[in-house]
Amino acid sequence: MPEKLVFEHTFEGLFVRGLAGRVTPALRERLREVGLDLESKLQPAYGFDTWCSAVRVTAHELHPEEPPEVGYALLGERMVDGYRETIMGRALFSVIQLLGPRRGVGRARQMFRSGNNYTEARVDDVTSREVDVWMNEAGPIRYFTQGALRAGLRATGAVQPLVTVRDFTAQDVTYRCTWRDGLDP
C-alpha cells in the first residue's frame, strides 16, 4: 500500500488560512517539532503521521479547555473555512454550493481525495435530509473530519447541520449527517 499523503493545500487551508493570526510562537515551534515548518514554503505533500501530529498539537494548544474530540472538530471546521480561500478550494466549493446538501455530501470522497491520496467514503441515504457517511478515517482524526463534514454541509447551504460519530473501529468511522434545507420553516 502506498504511503498515505496529505497535500499542501490542505495544510494551507488549516495552518495558513484557517488559523491566520492564531498560530502563536509556541505553537509554531511545536509544529516544527512534529515536521511542519510554517517558516518555510509548504511541501507538496506530508505523511499522514505528520498531519495527525500537527492536528493533535494544534487542537491541544488552541483548545486546551475542550475535550480532544471537540478541539479536533473545531479545527476541522477551520480547515474547511480556510480551504475555501485557497485556489483549489474556491473552485471546489463553487461547484459544491450549486449541488445543495444531499448531492454535496454525496461527493465526500472526491472532496476529501482532493486533499489527500487515501480517503474512501460511502454515503447511504437515511431520509431526504439525513445520510450516513462511512469513511476510512482512523483514530482521533475522525473528529477533525466530523468538523470538516459539518462545515462542508454548511457551505452547501444546509441549515443547522449536525454531524455525529455514529460508530467507529480502529480503521473506519460512520458519521450521521442531518440538516434542514434553507427553505424549511
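How many cavities of 30 Å³ or more does the count come to? The count comes to one. This is a predicted model, in which local features need pLDDT of at least 70 and side-chain atom pairs count only at pLDDT 80 or more, while totals for chains, interfaces and linings use all residues. Residues are numbered from 1 along each chain as its sequence is written, and side-chain values use heavy atoms, with hydrogens and water left out.

A cavity here is a set of points, on a 1 Å grid over the protein atoms alone, where a 1.4 Å probe fits but cannot get out. Grid points are joined across faces, edges and corners, and the volume is the space filled by probe spheres set on the points. The largest cavity has a volume of about 320 Å³. Its lining consists of 25 residues (those with an atom within 4 Å of a point), and M79, V80, M111, F112 and A148 are the closest to the cavity centre. Two or more lining residues come from each of α4 (68-83), α5 (87-105), α6 (108-113) and α7 (141-155). Helices are DSSP runs of H or I with at least four residues, strands are runs of E with at least two, and both are numbered from the N terminus. Helix α7 gives the largest share of the lining, seven residues. By class, 16 lining residues are nonpolar, eight are polar and one is charged. In this scheme Ala, Val, Leu, Ile, Met, Phe, Trp, Tyr, Cys and Pro are nonpolar, Asp, Glu, Lys and Arg are charged, and the others, Gly among them, are polar.

Next comes the sheet. Four strands form an open sheet in the order β3-β4-β6-β5, with antiparallel pairing; two strands pair if DSSP finds at least two bridges between them. The edges are β3 (121-127) and β5 (159-168), each with a single partner strand, so one side of each has no neighbour in the sheet. On average, neighbouring strands are turned by 20° against each other, direction ignored. Angles run from 0 to 180 degrees between N-to-C directions, with axes fitted as lines to C-alpha atoms, for helices over the stretch in contact.

Strand β4 (residues 130-135) is joined to β6 (residues 173-180) by six bridges, and D132 stands opposite R176 in β6. Seven bridges join β5 to β6, again antiparallel, with F168 opposite V173 in β6. A hairpin of four residues connects β5 to β6. Because six of its eight residues are buried, β6 is largely enclosed by the rest of the structure. Buried means under 20% relative accessible area, exposed means over 50%, and partly exposed lies in between (1.4 Å probe, protein chains only).

Helix α7 lies across β4, β5 and β6 and runs at about 155° to β5. Q146 is part of this helix and counts as buried, because its relative accessibility is 12%. Beyond its neighbours within four places in sequence, Q146 is in contact (heavy atoms within 4.5 Å) with A73, V163, T164, V165 and Y175.

Two further residues can be traced in the model. R113 lies in helix α6 and is partly exposed, at 26% relative accessibility. Its contacts, leaving aside neighbours within four places in sequence, are F7, Y118, T119 and E120. R113 and V6 are 107 residues apart along the chain, yet their C-alpha atoms are separated by 9.1 Å. E85 is placed in the loop between α4 and α5 and is partly exposed, at 40% relative accessibility. Residues up to four places away in sequence not counted, E85 touches R17 and R90. E85 and G18 are 67 residues apart in sequence and 8.7 Å apart in space, C-alpha to C-alpha.

Notes
On a 1 Å grid over the protein atoms alone, a cavity is a set of points where a 1.4 Å probe fits but cannot get out, and a pocket is an open set with protein on both sides within 12 Å along at least five of seven lines; lining residues have an atom within 4 Å of a point.
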